[in-house]
Amino acid sequence: MTKKEFDKFVARDRHCYHCGTTEALSPNHRANRGHGGSKKSEVPSNVVILCSLFNGLIESDAKAAGMAKRFGWKISRYDNPREMPVYDSVTGEWWLLNDDFTKERLIG
């Protein structure tokens with residue numbers, strides 16, 4: 001991922017969806033890329049911004065991994081990321097992510 005692409009994710013998400021920090025942000029692939037990566041996983045709807053600390057925790061801590069799944073920060077590689085909402089715990093809102101670096105708020 002280039003710095004220019006990363007900056008687009010930061011502009012869309014604005015902060016870590018878990019804790020709200022704007023420091024030490026990291027891109028998180030919602031559906032794991034697998035060995036060697038996959039074109040399917042390299043779309044904006046499959047990436048959310050998390051802080052580096054929580055991004056590491058969801059790979060090593062069962063409680064954090066469960067939270068990430070409940071809030072859409074991690075999804076099955078068989079799920080379509082454009083159809084899987086993500087939760088912003090800072091604003092309390094659910095969003096659908098688009099592949100043009102935009103997002104749509106879910107109401108209701």
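**Figure 1. Overall view of the predicted model.** The radius of gyration is taken over C-alpha atoms, and the globule rule is 2.2 Å times the number of residues to the power 0.38. For 108 residues, a compact globule would have a radius of gyration near 13 Å; the protein has 13 Å, which agrees. The C-alpha trace spans about 35 × 30 × 30 Å along its principal axes. This is a predicted model, in which local features need pLDDT of at least 70 and side-chain atom pairs count only at pLDDT 80 or more, while totals for chains, interfaces and linings use all residues. Residues are numbered from 1 along each chain as its sequence is written, and side-chain values use heavy atoms, with hydrogens and water left out.

**Figure 2. Secondary structure and contacts.** The protein has three helices and five strands. Helices (H or I, at least four residues) and strands (E, at least two) are DSSP runs, numbered from the N terminus. From that end, the order is α-β-β-α-α-β-β-β. Of the contacts (heavy atoms within 4.5 Å) with a separation of 6 or more, 56% join residues 24 or more positions apart.

Figure 3. The protein exposes about 6400 Å². Carbon and sulfur atoms supply 54% of that area. Areas come from the Shrake-Rupley method with a 1.4 Å probe; for residues, only the protein chains shown count as cover. Buried residues make up 36% of the 108 residues. Buried means under 20% relative accessible area, exposed over 50%, and partly exposed in between (1.4 Å probe, protein chains only).

**Figure 4. Close-up of the aromatic cluster.** Phe 54, Phe 71, Trp 73, Tyr 87 and Trp 94 form one aromatic cluster. Rings of Phe, Tyr and Trp (its six-membered ring) pair if their centres lie within 6.5 Å; planes under 30 degrees apart count as stacked, over 60 as edge-to-face and the rest as tilted. The count is six aromatic pairs. One of them, Phe 54 with Trp 73, is edge-to-face, at 5.6 Å centre to centre and 90° between the planes. This pair links distant parts of the chain, 19 residues apart: Phe 54 is in helix H2 (residues 52-60), and Trp 73 is in the loop between helix H3 (62-70) and strand E3 (86-88). Phe 54 is buried at 4% relative accessibility, and Trp 73 is buried at 0%. Tyr 87 and Trp 94 form a tilted pair, because their ring centres are 5.0 Å apart and their planes meet at 45°. Tyr 87 is buried at 19%, whereas Trp 94 is partly exposed at 30%.

**Figure 5. Charges over rings.** A charge sits over a ring if NZ of Lys or CZ of Arg is within 6 Å of the ring centre and within 35 degrees of the ring normal. Arg 70 lies over the face of Phe 71, 5.9 Å from the ring centre. Lys 103 lies over the face of Trp 95, at 4.3 Å.

**Figure 6. Close-up of salt bridges.** Side chains of opposite charge can pair when their charged atoms come close. A salt bridge is a side-chain nitrogen of Lys or Arg within 4 Å of a carboxyl oxygen of Asp or Glu. The count is five salt bridges. Among them, Arg 12 meets Asp 13 at 2.7 Å, N to O. Arg 12 is buried at 6%, and Asp 13 is buried at 0%. Arg 82 meets Asp 99 at 3.1 Å, N to O. Arg 82 lies in the loop between H3 and E3 and Asp 99 in the loop between strand E4 (93-97) and strand E5 (103-105), so the pair ties together parts 17 residues apart in sequence.
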